[in-house]
Amino acid sequence: MLDKLTNAMDFHTKALVLRSERQRVIAGNIANADTPGFAARDSNFADALREASGSSGGTYSTASLAGTASAGANGVSHPRHIPLGSGSGGSASGGADGEQGYVVQTQPRLDGNSVDLDRERAAFADNAVRYEATLRFINGQGKTMLAAITGQ
Amino acid sequence: MSMFSVFGISGSAVSAQSQRLNVVASNLANADAVAGPDGQPYKARQVVFQTTPMGADGGAGVRVDAVTESQTPGRKVHEPANPMADADGYVTHSNVNAVEEMFNMISASRAYQNNIEVMNTAKNLLLKTLQLGT
């Protein structure tokens, strides 16, 4: 009985953990913006979330979260295609199976550092907003349950 | 809770950048120095950043690995009247390049601001997490 109450929230808590994880990774990238030879990391959120919530089989479909909804697990439409990370050049390469990949450089630097500060700032702000959104979802679900329990 | 290690990561970056700013300050202060206590002209210093693991879950912090001295030859100025002049009448000044130092200063201060903002965002998110359910 009780797990029926918490199951719906479970999905969002997993997303929240992944968001905070990504926030940490991006903070590390920004901190090392001037470190020679540092390779920027990032993770593919959709893949990570699919892996995190895959076994539990929550009520939400994670397939539609990926940018390529109809594509397979690695963003490829054919099993023999080589996965390219997720679409636009700004995202992490690799990073399949929810693990971290290395950011693809747009403008290589002489000191071997692959941090693009503009992109990291954008990703950080974006991730912060989505973290807050997830918080609100959890809050809202908590309120809904409370209203159901109280009975009007 | 991985968001807490953001403070460690950004804090390490802030401290590294402030050390860089310190080095810039001492370079600029000594830009026109002729000779130090050891009789040698001042040599421009540079910090060397290095990535350091931060926390148990593999965060990437930064630390100052070393402070190196630039080995480029100092500026030689012809001033025969100066007591520090050599036999040919040349005075060796420090090898500080003011333009490079100004660039370093701006870059360090921007990076500092950047990391402070990261910490502010993380703090706001954590505060909102604490208010969950109220």
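Predicted model: local features only at pLDDT ≥ 70, side-chain atom pairs only at ≥ 80, totals over all residues.
On the H3(A) side, the residues making the contact include Phe124(A), Ala128(A), Tyr131(A) and Leu135(A). Facing them from H2(B) are, among others, Asn114(B), Val118(B), Thr121(B) and Leu125(B). Sort the residues of this contact by type and you get seven nonpolar, three polar and four charged.

Now for the largest nonpolar core, which has 16 residues. Phe124(A) and Tyr131(A) turn up again here: together with Met3(B), Val6(B) and Val118(B), they touch the most other members. Helices H1 (2–31) and H3 (117–150) of chain A and helix H2 (98–130) of chain B each supply at least two residues of this core. H3(A) gives the most, with six residues.

Take a look at Val118(B). Leaving aside residues up to four places away in sequence, Val118(B) touches Ala27(A), Ile30(A) and Phe124(A) from chain A, plus Val6(B) and Ser10(B) from chain B.

Finally, zoom out to the two chains. Their contact takes 23 residues from chain A and 32 residues from chain B. The size of an interface is often given as the accessible area lost when the parts come together. Between chain B and chain A, the buried area is about 2,200 Å², with carbon and sulfur atoms giving 59% of it. Within chain B, Asn114(B), Leu125(B) and Leu132(B) lose the most area to chain A, together 22% of what that side buries.

Conventions:
Residues numbered from 1 in each chain as written. Chains lettered and ligands numbered in written order. Heavy atoms only, no water. Core = buried A, V, L, I, M, F, W, Y, C linked by side-chain atoms within 4.5 Å. Buried < 20%, exposed > 50% of the residue type's maximum accessible area, 1.4 Å probe, protein only. Helix = DSSP H or I, 4+ residues; strand = E, 2+ residues; numbered from the N terminus. Contact = heavy atoms within 4.5 Å. Nonpolar A, V, L, I, M, F, W, Y, C, P; charged D, E, K, R; others polar. Buried area = accessible area lost by both parts, 1.4 Å probe.
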